[in-house]
2 protein chains.
Amino acid sequence: MDLEGVVRDSIKMSTRVESGPAGIEADIERAIRELRERAKGPPIAVGVGIAGQIDGRDGSVHFSPNLNWREVPLQRDLEQRLGLPVVVTNDVRAITWGEWVYGAAKGFNDVVCLFVGTGVGGGVISAGRMLSGCANAAGELGHIVVDIDGPVCTCGNRGCLEAFVGGWAIARRAQQTVKQDRNGGERLVELSGGTIEGITAEAVARLARGGDPLCLSIIDVVGHALTFGCVSLVNVFNPCRLIMGGGVIEGVPELIDRVRDGVRRLALPAAAAALEVMPGALGSSAGVVGAANFAVRTLSDKARAGG
Amino acid sequence: MDLEGVVRDSIKMSTRVESGPAGIEADIERAIRELRERAKGPPIAVGVGIAGQIDGRDGSVHFSPNLNWREVPLQRDLEQRLGLPVVVTNDVRAITWGEWVYGAAKGFNDVVCLFVGTGVGGGVISAGRMLSGCANAAGELGHIVVDIDGPVCTCGNRGCLEAFVGGWAIARRAQQTVKQDRNGGERLVELSGGTIEGITAEAVARLARGGDPLCLSIIDVVGHALTFGCVSLVNVFNPCRLIMGGGVIEGVPELIDRVRDGVRRLALPAAAAALEVMPGALGSSAGVVGAANFAVRTLSDKARAGG
């Protein structure tokens, strides 16, 4: 990406989780070497967005459930491999940063981004700065509790927003519903390779779009929980923009309209007065341009602070 | 207050709500004139903490339900009356600021303060700055939804934290419980002037301390909702300190222990790792020293920014 935010070249590759940190780092090294050979000028820095809990001081990965990593000094490793400054950040924060600098939240200093995919992640810009918290763990918006008697979440708690609206939770709810009563679930099972266990959130979303009553009722629960979760976020953060994205939102874009209406009705008037609820503008490139810009910004802040 | 945070003199007076903005402003003017006469040196500024929604730019009061004020230019009015710089802020933010600069949260840059009185208010310090939001309305921590099917809140939504744990909600729950079944509620009614309508949160707290089963069960619901609300706040903000105060907490201090245990068990480990949950350290003077320090800090920031 150049300094104007234009992606000048790209290489897309699958993450070989089974190859471990060294294998993935080698893949990244190879890709960046190729990009450098193809580029017209020398690079300033490398920005990395990665699913996991990142140490804000040294860019090491404390924990990444998706990659099964614990305590991987990713930033240091890549700097040694590449001979370039590297800045590692969380993937959802990278997306948030991208939408803030170049996308749907451009020009606003108070922004909440909520991404609903298999899991639910988020990023918060407050007074023009990324909310990071005491140990760089702030912004776990999927784990606000919307129902104290709600379903169990993967985090061990119950009633989390994610346990209602995450892709895994949608699939679980659909499977449980069909298990209890197959009536009405025939098309869903058919679309899922003939088994209840094969039911996915994608299948639920697809049939809901076609008007399937069972899937519509499941999406209705998702919309209900998502609305209340967003009302909480608006009351707490009073954002100018609430940006929504992720696979579930892309699969059922009407959820954005539902949240917009619900927030208008149910959030505190002062907290919602200046708010717009909208989808992200950059699609899958948000994380790319966000991680890159965040890297340059972080280095420039360090230079200004004299270290 | 002097610049070291020591309260050098004070006048305490009741707010004459019925006298309206002009009457209350005149009372404040009179008190400050008396303090100036008694003081050894000239004052720098006047800090005001007031229950309501404040405009962050000009210190006017958009709305104060307690005072029944709408669009009162309090900061301008007081500056004209006093001939001194005045900085008006929200009362709960003043308390948060006081605990941050001088009290239980001193030295920590990420702090959540939750105050449970008749209503529930809060303040959030993030990266060393007060969270203000897009229209200075951020931090309405009492209006995160903890139960999508929960009881109606005064804000018009349902299931808000405040609708479970605010003093008014505790009184409502106790009254409803006794109305449905007087058995077990005899002592509570007796303590409340003999009427169900007279039951207050204070009476519930007092009898709970004495082991009254009905009141203990009501406080149990409060503790349950408060725990889940605090888990949400910890997951979202990853604070170093969660400070709890207000009349309900002072009436049932065990609630702090319950929240501490619950957060340890139920919040995300990364979000809660560095956390301490504790009561405020300054009691009723937190708002006084907070408003005063906030005023000086705001003026100094303005001077640095050149206006």
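The following legends describe close-up views of a predicted model.

**View 1. The two-fold relation between chain A and chain B.** Chain A is superposed on chain B by a rotation of 180° with 0.0 Å of shift along the axis, at an RMSD of 0.0 Å. That is the relation of a two-fold axis. Within chain A, the C-alpha nearest the axis belongs to A:Asp147, at 2.0 Å from it. Both copies use the same surface, as 100% of the contact residues of chain A recur in chain B.

**View 2. The surroundings of A:Val234 in the largest nonpolar core.** This core holds 203 residues, of which A:Val204, A:Val234, B:Val204 and B:Val234 touch the most other members. When residues up to four places away in sequence are not counted, A:Val234 touches A:Pro239, A:Leu242, A:Val263, A:Ala267, A:Ala271, A:Ala272 and A:Leu275. In soluble globular proteins, nonpolar side chains tend to be buried together.

**View 3. The crossing of helices H1 and H2 in chain A.** The axes of H1(A) (residues 20-38) and H2(A) (residues 74-82) come within 10 Å and cross at roughly 40°. H1(A) is therefore oblique to H2(A), and the crossing is right-handed. On the H1(A) side, A:Glu25, A:Ile28, A:Glu29 and A:Ile32 take part; they meet A:Asp77, A:Leu78, A:Arg81 and A:Leu82 of H2(A).

**View 4. The mostly covered helix H3 of chain B.** Among the buried residues are B:Trp97 and B:Trp100, together with B:Asp91, B:Arg93 and B:Glu99. Also buried in H3(B) are B:Val92, B:Ala94, B:Ile95, B:Thr96, B:Gly98 and B:Val101.

Terms used
Residues are numbered from 1 along each chain as its sequence is written. Chains are lettered from A and ligands numbered from 1 in the order in which they are written. This is a predicted model: local features need pLDDT of at least 70, side-chain atom pairs count only at pLDDT 80 or more; totals for chains, interfaces and linings use all residues. A nonpolar core is a set of buried Ala, Val, Leu, Ile, Met, Phe, Trp, Tyr and Cys residues joined through C-beta atoms within 7 Å. A residue is buried if 20 or more other C-beta atoms lie within 10 Å of its own, exposed if 12 or fewer, and partly exposed in between; C-beta atoms are placed from the backbone. Two residues are in contact if their C-beta atoms, placed from the backbone, lie within 7 Å. Copies are superposed by least squares on the C-alpha atoms of residues with pLDDT of at least 70 in both. Helices (H or I, at least four residues) and strands (E, at least two) are DSSP runs, numbered from the N terminus. Axes are lines fitted to C-alpha atoms, for helices over the stretch in contact, and angles run from 0 to 180 degrees between N-to-C directions. Angles under 35 degrees count as roughly parallel, over 145 as roughly antiparallel, 65 to 115 as roughly perpendicular and the rest as oblique. A crossing is left-handed if the near helix is turned anticlockwise from the far one by less than a right angle, and right-handed if clockwise.
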